[in-house]
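Me: I have a model open and would like to go through a few of its elements. Could you take my questions one at a time?

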Amino acid sequence: MSLSTQFKLNNGTSIPCLGFGTYKIKDPNEAYQSVKTALELGYIHIDTAAFYENEKYVGNAVKDYIQASGCKREDLFVTSKVWKTEAGYDKTLRAFEKTMDEIGLDYLDLYLVHWPSSYAFDDDWENTNRSTWKAMMEIYKSGRVKAIGVSNFLTHHLNALMDSEIIPAVDQIEINPGFMQADTVKFCQDNGILVEAWSPLGRGRSLEHPVLVELAGKYGKSTAQIILRWDLQHDILPLPKSVHEDRIKSNSEIFDFELSNEDMAKIDALEPYGNSGHSPDEKTIQKGRN
Ligand code: A2P
């Protein structure tokens, strides 16, 4: 396995097994530079979203990297997402056009519904999700995105889409040690939906967990590398974010070791530790984190 190893999506599209996350990198220069650095270090998969307010700088970095390196657009994988305020058929179609204008690429590899409509704030949440998804299927059929999926959908949100003509190829959810969302992961993996992990490092909080620190010492790896490897060994695609070159690099060096079954189980058994407290079915953040 390496940075160019691909997972297969349920529509036959390939997706590189480790992605570079860009949430919270709003500063134009920082967004541009960190994505360019990631690409130069060998990442070929970049994840952004309209909500991150950096699609333009991500797109610029991708285009400049293609020009400078001579690689092809098809060698890279770019994801963006439609934000929850744009739920519904018409708004989703409009939001997609705005994303394409911002990012400045001919096509996206993956386009995701960022958050489900939920009973917490929408009495008609199932139908809202279906009409958002109808727009997503139309966008997919136009050929301007190679795959479509969702993010932050739990089993009951996914269920409302499972009789659609096209089922989601991906569900990108928060996963970090102690916060495995095992029911959703099982549902996705049983139904051929690839799981991606946002905030795999718990925004950095997970890195201090004593069990993970101990495992890092045992394997001679960083705590971040232990966590990202744990994701991969669960067939989960992690999307770590960093603005520091040394961390961007080391977060990609996870292909030269393997966690034992016993150590995988040790991480699986951790109590919640670094998770954000965000839930699609709650109006507010549970723990006041971010
Ligand atoms: P920074 O961007 O300053 O490097 P997540 O991917 O779970 O959202 O976590 C991202 C957070 O973890 C960021 O605050 C990032 O900080 C930090 N981070 C990312 N990689 C590492 C690493 N290898 N070691 C320590 N902190 C890291």
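Me: Which residues point one way from strand 9, and which the other way?
Reply: L194, E196 and W198 point one way, whereas V195 and A197 point the other way. All of them are buried, meaning under 20% relative accessible area with a 1.4 Å probe and protein chains only; exposed means over 50%, and partly exposed lies in between. Strands here are DSSP runs of E with at least two residues, and helices are runs of H or I with at least four, numbered from the N terminus. In a regular strand the side chains alternate between the two faces of the sheet.

Me: What should I know about the origin of the values?
Reply: This is a predicted model, in which local features need pLDDT of at least 70 and side-chain atom pairs count only at pLDDT 80 or more, while totals for chains, interfaces and linings use all residues. Residues are numbered from 1 along each chain as its sequence is written, and side-chain values use heavy atoms, leaving out hydrogens and water.

Me: Why is strand 9 described as largely enclosed?
Reply: Because 5 of the 5 residues of strand 9 (residues 194-198) are buried, it is largely enclosed by the rest of the structure.

Me: Which strands does strand 9 pair with, and in what sense?
Reply: Strand 8 (residues 170-174) pairs with strand 9 in the parallel sense over 5 bridges. Strand 10 (residues 236-238) also pairs with strand 9 in the parallel sense, over 3 bridges. Pairing requires at least two DSSP bridges between two strands. A197 is the bridge partner of I173, and I236 is that of V195.

Me: Changing topic: how many disulfides are there?
Reply: The structure holds 0 disulfides, a disulfide being a pair of cysteine sulfur atoms within 2.5 Å.
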